[in-house]
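Visitor: I've never looked at this structure before. Could you walk me through how to read it?

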Amino acid sequence: MNRIFHLEKGGWRALAACLLWLTACSAAAAQTVTDLRGRSVTLPDNIERIAIDDGRFLMALALIADDPVSQLAGWPRDINRMGESYYQRFKAAFPAIEQVPLVSSSAENFDMESMLAAEPDVAVLSLSRGPTDDQIALLEASGIAVVFIDFFIDPFNHQAPSLKLLATLTGHEQQAGDYLALREQHLAYIAGQLQENEARPTVFMEAHAGITQDCCFSIGTGGAGDYIDFAGGHNIGADVLTQAAGKLNLEYIIASDPDVYIATGGPALEKSNGLVLGGGYSPEEAQSALTRVAARQGIADLSAVHAGKVHGLAHQLLNSPLDIVAVEVLAKWLHPGVFAELSPAQTLETINRDFLAVPYEGTGWISLSSAE
C-alpha cells in the first residue's frame, strides 16, 4: 500500500486545514513596512537585490553598508547628480558598479521594461516621481515590491525614516541606528543652544545659484527651508512662496535686504558658469565661483554682501543623509557667536571615518570671508 498518498476519511479536510494554517503563519511572518507615500508594503522574505532610481541614493547606501553595490540590481547611472569626482572614487572602491544594469532615473518617465529586466526584489523609488498606480500594481504582480523614500522633497523630516527603510531592505539596521543616533545627538545640541536665542537673521538662500542669467531660484516653504528655520534663521523665500522652491523677483530680494546670503550649487552648474563646489573642487575654485555669483547685478548691492555674510553650500550635503553637516554649517553662519566651538569639518571627518564606505571629499561649503 502506498502510505504516502493514502488518506483516511476526512484526511483531505485535515490536510487543507494544515495548509491554510501554514499559509497564515507565513503571511504573519512576512515583514510589512510603511514607505514615504504612506503605503503599507509587504516585503519579500529574502531581499537580495534592490534597484534605485536616483544615483544620490548610493551615498545613503554607502553610509550604512560596507559594500553598497553588492545588493544593487539596477541604477540610472545619473552621475551628474552625485558628481563625477564622487562617482570615480565610488567606482574605484566598488568596480562592480560598472556592470549594474541601467534603470530609468526619477528625472525621467518611469521605464517599466528596464525595471522588470533588472529583476530586483525591491524597487526603491523617489517620492517626487515614479510609476503610476497601475505600473506599481504590475511590478507587484511580477514579484517586485515598491518602496518610496525621500531625501529631496522634505529632506529634514524624511532623512531618518528613509534611511531606516533602506536599512531594513539591506539588513543594516545596526549601522543605520548608530548613524541616526549621532545625527539626533548633534541636532539636539544645536536646538539646545538656540533655545534661548531669539535673534533670527533673515536669509536668502538661492538654489542652483547662477544656473540661469535671470534671478533668482529660491528655497521656499518647508523642504530645504526647514534647515534654515532649525539653524535659527528666517527664510525670506518662505514669506512669499507656498511651495518648497520657486522664483523670487529681484526687486523683492533687494527690498527684503536679507542679513545673510547663501548660495547652493554643485558640479552640475559648471556648464552655466554658476556656483561650483563639492567633490572635485578646491576651496580656491569654490570661492572664485561664489565671488562671481555674488557680484551679479542686484545681489552685489545687498547688505549681506557688503558685510561679508556670503556663503556657498553644496547640494551633496543639503540633499543627502549627510545633512547634519549642512545644519552645523548653517548654524555657524547664522549664529557665529553661539556656535564658535562647533566644527562641521570634525563632524564630517567622524562620518567619513566611522560610516561612509566611500568618504565625502571636496569643498562642501565656502564663505567669502575667512570664517566658516
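Guide: Happy to. Let's begin with the secondary structure: the chain comes to 15 helices and 13 strands. Keep in mind that this is a predicted model.

Visitor: How far does the C-alpha trace span along its principal axes?

Guide: It spans about 100 × 45 × 40 Å.

Visitor: What share of the residues is buried?

Guide: A residue counts as buried when its relative accessible area is under 20%. Here, buried residues make up 51% of the 372 in the chain.

Visitor: And contacts along the sequence? What share of them join residues at least 24 apart?

Guide: If you take contacts between residues at least 6 apart in sequence, 68% of them join residues at least 24 apart.

Visitor: Let's go inside. Which residues have the most contacts within the largest nonpolar core?

Guide: Those are Phe90, Tyr179, Leu322 and Ile351, in a core of 119 residues. Helix H14 gives the largest share of this core, with nine residues.

Visitor: Can we zoom in on one of them? What does Ile351 touch, leaving aside neighbours within four places in sequence?

Guide: Ile351 is in contact with Leu63, Tyr179, Leu182, Leu322, Ile324, Val325 and Leu356. Two of those names, Tyr179 and Leu322, also came up among the core residues with the most contacts.

Visitor: Now pockets. What volume does the largest pocket have?

Guide: Its volume is about 850 Å³. The lining holds 37 residues, and Arg56, Phe152, His208, His315 and Asn319 lie nearest the centre of the pocket. As for elements, helix H3 (79-82), strand E8 (217-219), strand E11 (260-265) and helix H13 (315-318) are those that give two or more residues to the lining.

Visitor: How does that lining divide into nonpolar, polar and charged residues?

Guide: The largest pocket's lining has 18 nonpolar, 14 polar and five charged residues.

Visitor: Where does Ser320 lie?

Guide: Look in the loop between H13 and helix H14 (323-334). To decide whether a residue is buried, you compare its relative accessible area with the 20% cut-off. Ser320 has a value of 4%, so it counts as buried. Not counting residues up to four places away in sequence, Ser320 touches Met59, Phe151 and Gln159.

Visitor: Which residues line the second largest cavity?

Guide: Asp53, Ser104, Ser105, Ser106, Glu108, Asn109, Phe110, Arg129 and Gly130 do. About 40 Å³ of space lies inside the second largest cavity. The lining there has one nonpolar, five polar and three charged residues.

Visitor: Is Cys216 buried or exposed?

Guide: Cys216 is buried, because its relative accessibility is 0%.

Note on methods. Residues numbered from 1 in each chain as written. Predicted model: local features only at pLDDT ≥ 70, side-chain atom pairs only at ≥ 80, totals over all residues. Heavy atoms only, no water. 1 Å grid on protein atoms, 1.4 Å probe; cavity = no way out; pocket = protein on both sides within 12 Å on 5 of 7 lines; lining within 4 Å. Points joined across faces, edges and corners; volume = space filled by probe spheres on them. Helix = DSSP H or I, 4+ residues; strand = E, 2+ residues; numbered from the N terminus. Nonpolar A, V, L, I, M, F, W, Y, C, P; charged D, E, K, R; others polar. Buried < 20%, exposed > 50% of the residue type's maximum accessible area, 1.4 Å probe, protein only. Contact = heavy atoms within 4.5 Å. Core = buried A, V, L, I, M, F, W, Y, C linked by side-chain atoms within 4.5 Å.
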